[in-house]
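Subject: Handover of the two-chain model

Dear colleague,

Please find below the sequence and the structure that I am passing on to you.

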Amino acid sequence: MKNIENKGGNEAIASLPPSNKSAIELKNITKKFGYVVANSDVNLKVRTGTIHGIVGENGAGKSTLMNILFGLYKPDNGMIFLNGQAVDVNSPEKSIALGIGMVHQHFMLVPTFTVLENAMLGNEGSMLLKSGEKFVLERLKGLSNNYGLNVNFEAIISDTPVGMQQRVEILKALNRGAKILILDEPTGVLTPQETIGLFDILRSLREQGVTIILITHKLKEIMSITDTVSVMRGGKVVADFSTAETSPEELAENMVGRKVLLSIKKPTLKVGKPVLEVKNVSHESKDGVFVLKNISFDLKEGEILGIAGVAGNGQSELLDILSGIETLQRGQITINDKTILPHQDWNSKKAREFGIAHVPEDRHKRGLVLPFFNYENSILGYHGNEDYSNGLLMDKRKILNFVDDLVENFDVRPRSSSISSGKLSGGNQQKLVLAREIESSPNILLVGQPTRGVDIGAIERIYEDLMKLKSRGTAILLVSVELDEIMSLSDRIIVMNQGTIVGETSSSNATELEIGKMMSGLEQV
Amino acid sequence: MLESFQIIISLLDSTIRIATPLIFCAMAGIFSERSGIIDIGLEGKMLLSAFVAATATFLTGSPIFGLFAAILASCSASLIHGFACITNKGDQVISGLAINILASGLTITLGIALFSRGGQTPSLASEQRFMPIDFAFLDQLSFVPVLGELFVEVISGHNILVYLSVLAVFFTYYVIFKTRFGLRLRAVGEKPEAVDTAGISVIKMRYQSILIAGMLCGLAGAYLSIAHGAGFGREMSAGKGYIALAAMIFGKWNPIPTLFACLLFGFLEALGVRLEGVELIWIGEVPVQVMQALPYVLTVVLLAGFIGKARAPGAIGVPYSKEG
């Protein structure tokens with residue numbers, strides 16, 4: 001029987017008062033994957049009993065660094081000190097024994113197991129589950145009460161909301177005696193209310209002496225909860241701040257390496273006539289669940305309509321239907337005075353003919369064929385266009401001409417038409433998809449999660465492009481789980497919960513809390 | 001009436017004999033696949049261990065020795081599979097197929113080289129085999145109508161491995177669902193990342209699982225050649241490994257339902273043998289091939305809609321790699 005909690009190392013950590021002693025110190029950490037340098041000479045100090053934020057763009061090396069600290073990756077070089085002592089963290093087992101716990105961005109939970117089984121995995125208390133369960137459950141209940149980690153121990157993970165799954169992850173770490181907790185992008189999947197709840201938990205953990213490292217790209221969260229913050233860029237820590245003495249602007253500047261505009265200038269524009277009318281659309285999934293129930297709204301020329309909601313509340317299905325990926329089952333859709341009725345022939349080719357362009361939520365699955373070259377991906381879906389063919393065959397020269405302009409105009413880096421799209425960064429992939437869709441001069445642009453996994457520099461550019469398109473009079477339907485994004489881009493916001501529209505508001509008089517309440521289905525407006 | 005009762009009794013009796021290797025193999029499959037490793041090589045491991053069991057028993061005269069040799073052989077095949085697809089992240093189906101082909105060729109080649117009997121091993125004398133065990137009080141019980149006869153003819157009078165196969169089912173159930181090892185094994189087949197981040201070695205867990213699978217396959221092979229049969233004949237596993245795999249899927253990777261699937265498939269085969277050359281009313285003579293195909297047809301048809309969806313372990317067939 002292994003009982004990690006009783007090991008000496010942890011006791012030493014626990015007995016330290018919150019002081020200037022550092023719980024963690026990383027010295028000259030370097031890690032390469034093949035030729036890619038993920039971390040280069042990283043130094044980091046975190047004081048005991050504080051919340052330390054690490055910000056940086058995608059690919060800045062934050063997750064790699066934390067995976068090294070957690071023992072998942074072996075650093076090529078460098079030292080790790082815990083409470084001033086050099087340690088060799090060469091496996092998660094070792095790091096857990098040293099009192100380090102990690103909540104990964106993608107939860108490490110077994111979907112078919114119960115909450116209890118997940119929480120006890122790796123620290124079951126006994127060879128036989130039954131005798132261990134009683135003992136572990138008691139300890140877990142204690143922890144759960146202590147830190148306000150509300151969970152239902154009997155529930156199967158796949159049936160529980162993400163907020164609870166996250167609490168299970170935290171419990172799991174605490175159950176193994178974690179005194180240092182690493183959270184990797186913990187709020188990406190949460191509603192604003194759930195985020196507040198999480199932060200309350202983190203504060204109470206800090207009060208009881210737990211040292212927390214919070215990785216995020218959301219500057220607002222850094223400002224609201226951390227004590228100190230480090231900025232990473234290009235695999236290096238480029239700046240350390242005390243949170244009270246810095247600002248989001250300064251952090252952003254350090255993240256990108258140049259000044260960034262965080263605010264968006266919305267062109268003032270009179271919206272025109274409706275170009276898309278959705279009436280009573282319902283959709284039944286293969287499992288017989290209604291994922292959309294009586295959805296009705298309209299979208300006007302030059303308008304950006306934002307659809308807010310926690311992921312999985314019908315937004316994806318709505319996009320699929322409008323873009324022709326799914327057939328319409330019930331209700332009707334009118335696009336530029338042309339009406340589509342249920343079970344009518346409706347597909348994405350038709351949608352394009354009707355003037356709809358679509359930037360899909362998952363660019364890897366639906367936006368791009370990753371091994372294809374940029375010039376192939378840039379005409380994907382428009383390959384039947386006469387401009388690109390000469391009779392039977394594709395006209396490569398015409399395509400290359402078009403694509404060279406495209407990557408230039410939309411700042412896709414590297415500016416090459418003949419590099420496979422899989423080699424681009426997330427932001428540049430997204431710019432490529434957006435460029436392709438905008439170049440088709442659509443009446444209506446459907447955009448799903450435009451900035452998911454996209455770095456700040458690219459986000460700035462994408463927002464700019466969307467605004468340009470809006471000022472040309474294109475109607476834009478924006479689906480995003482990032483509430484900030486919805487609020488700053490949209491003219492009007494509708495909120496979806498469990499397949500219905502639970503509220504509508506204009507962005508100028510919406511507050512985040514109100515929308516958050518609607519998103520969680522607590523309040524109907 | 002009495003005659004049809006006799007027929008049923010003898011059908012059930014042969015059902016159990018036929019089902020035994022299926023049960024061992026299906027349990028082996030459960031261990032392996034629950035940990036995320038596709039085990040299409042059940043067939044090959046069984047064949048290989050059948051050969052090794054017969055050979056070792058013939059050479060030493062001890063079936064116990066033959067049994068351990070069989071387990072050793074089967075475990076070695078498991079280790080090859082593991083080295084290919086756990087350590088080196090190869091394709092599990094290809095590796096399993098390779099084991100099947102290797103076993104098929106190797107047993108014949110070695111058989112001819114050692115014994116020059118066209119791939120067969122010499123017949124074993126009865127003291128060199130696991131012989132039927134008769135339970136106590138048989139004579140008294142046989143006077144009890146129906147139940148007594150059931151006991152005497154169906155339950156009693158099998159070799160030790162038959163009873164061991166039933167134990168194997170409960171062993172599998174207990175280990176997989178009631179122990180810490182089982183929890184980790186199921187987790188590793190569903191979501192290896194979760195196990196790795198919990199500080200448990202995915203590689204070690206998977207090797208342990210396939211070794212248990214190897215042992216169980218070894219028992220199946222030994223049953224064929226030194227318990228049920230009296231020597232090895234070329235290709236004597238005759239697709240049983242695949243039927244066991246079908247039974248495992250049919251039983252949704254759960255030991256108890258899988259046991260019943262094995263018994264059902266065993267019964268169908270027993271029935272097929274029984275009906276050979278028999279004219280049925282309305283239908284006429286049923287070709288043997290139809291009966292042989294029945295387990296597969298049944299698996300497909302039933303899985304297609306009657307028993308609900310069989311959900312394979314989430315991470316099955318996917319080699320685990322940390323960095324990517």
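Which residue of β20(A) stands opposite G306(A)? In this model, which is a predicted one, the residue opposite G306(A) is L478(A). The pairing to which I would turn next is that of β13(A), residues 304-308, with β20(A), residues 475-479, where the two strands run parallel and are joined by 4 bridges. Strand β13(A) also pairs with β21(A), residues 492-497, again in the parallel sense and over 4 bridges, and here I307(A) stands opposite I494(A).

Because 5 of the 5 residues of β13(A) are buried, the strand is largely enclosed by the rest of the structure. In a regular strand the side chains alternate between the two faces of the sheet. Both faces of β13(A) are covered, with I304(A), G306(A) and A308(A) buried on one side and L305(A) and I307(A) buried on the other.

Strand β11(A), residues 274-284, pairs with β14(A), residues 330-335, in the antiparallel sense over 5 bridges, and S282(A) stands opposite R330(A) of β14(A). On from there, β14(A) is joined by 3 bridges to β15(A), residues 338-340, also in an antiparallel arrangement, with K338(A) of β15(A) as the bridge partner of I335(A). These two strands, β14(A) and β15(A), form a hairpin that has 2 residues between them, and in the turn N336(A) has a positive phi of about 45°.

Apart from its neighbours within four places in sequence, I333(A) is in contact with V278(A), V281(A), L322(A), L328(A) and I340(A). By contrast, D405(A) lies 72 residues from I333(A) along the chain, and their C-alpha atoms are separated by 35 Å.

On the level of domains, the assignment for chain A gives domain 1 (21-99 + 179-258), domain 2 (108-177) and domain 3 (274-369 + 442-519). The centres of domain 1 and domain 3 of chain A, taken over C-alpha atoms, are separated by 35 Å, and the contact between these two domains takes 9 residues from domain 1 and 11 residues from domain 3. On the domain 1 side, α7(A), residues 192-207, and α9(A), residues 248-256, each supply at least two residues, and α9(A) gives the largest share, 3 residues. By class, that side of domain 1 of chain A divides into 5 nonpolar, 3 polar and 1 charged.

The contact between the chains takes 24 residues from chain A and 18 residues from chain B. On the side of chain A that touches chain B, the elements that give two or more residues are α3(A), residues 92-97, and α5(A), residues 129-147, and this side has 15 nonpolar, 5 polar and 4 charged residues.

Chain B has 13 helices and 2 strands. Its C-alpha atoms fill a box of roughly 65 × 50 × 40 Å along the principal axes. Since a compact globule of 324 residues would have a radius of gyration near 20 Å, the 20 Å of chain B agrees with that expectation. Of the 324 residues of chain B, 47% count as buried, and of the contacts in chain B with a separation of 6 or more, 76% are between residues 24 or more positions apart.

Helix α8(B), residues 180-190, is mostly covered, with 9 of its 11 residues buried; among them are R180(B), R184(B), R186(B) and E190(B), as well as L183(B) and V188(B).

Finally, the largest nonpolar core has 228 residues, of which F24(B), L216(B) and A247(B) touch the most other members. Helix α10(B), residues 202-228, provides the largest share of this core, 15 residues. Not counting residues up to four places away in sequence, F24(B) touches S165(B), A168(B), L216(B), C217(B), L219(B), A220(B) and Y223(B).

With best regards

Conventions:
Residues are numbered from 1 along each chain as its sequence is written. Chains are lettered from A and ligands numbered from 1 in the order in which they are written. This is a predicted model: local features need pLDDT of at least 70, side-chain atom pairs count only at pLDDT 80 or more; totals for chains, interfaces and linings use all residues. The radius of gyration is taken over C-alpha atoms; the globule rule is 2.2 Å times the number of residues to the power 0.38. A residue is buried if 20 or more other C-beta atoms lie within 10 Å of its own, exposed if 12 or fewer, and partly exposed in between; C-beta atoms are placed from the backbone. Two residues are in contact if their C-beta atoms, placed from the backbone, lie within 7 Å. Domain bounds come from an automatic or database domain assignment. Ala, Val, Leu, Ile, Met, Phe, Trp, Tyr, Cys and Pro count as nonpolar, Asp, Glu, Lys and Arg as charged, and the others, Gly among them, as polar. Two strands pair if DSSP finds at least two bridges between them. A nonpolar core is a set of buried Ala, Val, Leu, Ile, Met, Phe, Trp, Tyr and Cys residues joined through C-beta atoms within 7 Å.
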